[in-house]
Amino acid sequence: MTSKKLILIDDHALMRLGIKEWLEKHSLWQVAYLLDSMNTVKSSLGEIAMLTPSEKNKIVAIVDLSFRTENKADEDGYENVGFEIIKMIKEANPNIPCIVFSSFDSAGFVERAMSSEIGASGYVSKSASEAVLLQAIESVANGGTYIQQNLMGRLLEIKNIYSAFTKKEKLVIDLIAQGLKNDEIAERMQIGQRTVENYISHLYDKTDTDNKIKLLEKLGLR
């Protein structure tokens with residue numbers, strides 16, 4: 001008998017429980033791990049690393065992007081650490097496919113999540129139906145990828161823009177989207193602030209923008 005297990009990572013209690021209840025009622029998938037923060041993910045990585053997905057033992061992680069944090073974050077007290085969580089899971093166990101399930105449904109977030117650097121296998125907006133999420137789970141569990149259909153159009157345009165960026169420039173974009181200032185980006189990347197400013201200047205040139213707000217809007221991150 002095929003075992004179908006989910007790792008559900010979201011800090012909204014009602015969302016976690018609602019999705020868990022719906023999936024377990026309408027499918028054979030069972031939520032084996034219900035995690036609510038970066039810390040709970042870190043404490044579970046040892047167990048996640050030992051899991052052995054296979055044709056008869058399917059395991060999929062569903063990951064939100066934005067989590068409440070006590071660290072420096074945006075004005076609402078949230079930080080987009082979901083990308084880091086996906087990277088942690090993929091490093092611990094590259095055989096576990098991850099689906100982003102987020103209220104952020106702009107093309108920039110989709111491109112970032114599905115990039116080789118992050119490694120998500122699917123992307124579904126929280127505005128989608130539970131049936132769409134289940135379709136995504138089944139698809140990635142069988143080795144495929146899944147992007148919610150109405151997110152695909154602008155994604156192709158964004159991919160063309162992102163193809164002009166270096167790996168470091170993509171990291172700078174990610175940190176800008178998290179709300180970090182230039183000095184904080186420099187500290188996170190362990191480079192000089194002038195170097196950060198040069199990266200940002202190159203990003204403006206490549207996107208025909210002249211400030212961070214316009215940059216994020218152009219990339220679908222705002």
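**Notes on the model**

1. The largest nonpolar core has 55 residues, and those with the most contacts inside it are Ile 7, Ile 9, Ile 85, Ile 89, Ile 96, Tyr 123 and Leu 219. A second, separate core of 20 residues includes Leu 23, Trp 29, Val 132 and Tyr 146. A nonpolar core here is a set of buried Ala, Val, Leu, Ile, Met, Phe, Trp, Tyr and Cys residues joined through side-chain atoms within 4.5 Å. Buried means under 20% relative accessible area, exposed over 50%, and partly exposed in between (1.4 Å probe, protein chains only).

2. On provenance: this is a predicted model, in which local features need pLDDT of at least 70 and side-chain atom pairs count only at pLDDT 80 or more, while totals for chains, interfaces and linings use all residues. Residues are numbered from 1 along each chain as its sequence is written, and side-chain values use heavy atoms, with hydrogens and water left out.

3. Helix H3 (residues 82-92) is largely enclosed by the rest of the structure, because eight of its 11 residues are buried. They are Gly 82, Phe 83, Ile 85, Ile 86, Lys 87, Met 88, Ile 89 and Lys 90. Helices are DSSP runs (H or I, at least four residues), numbered from the N terminus.

4. A search of the whole structure finds one cavity of 30 Å³ or more. On a 1 Å grid over the protein atoms alone, a cavity is a set of points where a 1.4 Å probe fits but cannot get out, and lining residues have an atom within 4 Å of a point. Grid points are joined across faces, edges and corners, and the volume is the space filled by probe spheres set on the points.

5. Which residues line the largest cavity? They are Asn 80, Phe 83, Gly 108, Phe 109, Arg 112, Tyr 162, Ile 173, Asp 174, Ala 177 and Leu 221. Helix H4 (107-114) and helix H7 (167-177) are the elements that give two or more residues to this lining. By class the lining has six nonpolar, two polar and two charged residues. For this count, Ala, Val, Leu, Ile, Met, Phe, Trp, Tyr, Cys and Pro are nonpolar, Asp, Glu, Lys and Arg are charged, and the others, Gly among them, are polar.

6. The structure holds 12 salt bridges, each a side-chain nitrogen of Lys or Arg within 4 Å of a carboxyl oxygen of Asp or Glu. One of them joins Arg 112 and Asp 174 (3.1 Å, N to O). This pair links distant parts of the chain, with Arg 112 in helix H4 and Asp 174 in helix H7, 62 residues apart. Arg 112 is buried at 4% relative accessible area, and Asp 174 is buried at 5%. Not counting residues up to four places away in sequence, Asp 174 touches Phe 83 and Arg 112 (contact means heavy atoms within 4.5 Å). Glu 84, Lys 87, Arg 112, Glu 117 and Asp 174 are linked in a network of salt bridges.

7. Lys 206 and Glu 169 also meet in a salt bridge (2.8 Å, N to O). Lys 206 lies in helix H9 (residues 193-207) and Glu 169 in helix H7, so the pair ties together parts that are 37 residues apart in sequence. Lys 206 is partly exposed at 39% relative accessibility, whereas Glu 169 is buried at 3%.

Methods. On a 1 Å grid over the protein atoms alone, a cavity is a set of points where a 1.4 Å probe fits but cannot get out, and a pocket is an open set with protein on both sides within 12 Å along at least five of seven lines; lining residues have an atom within 4 Å of a point.
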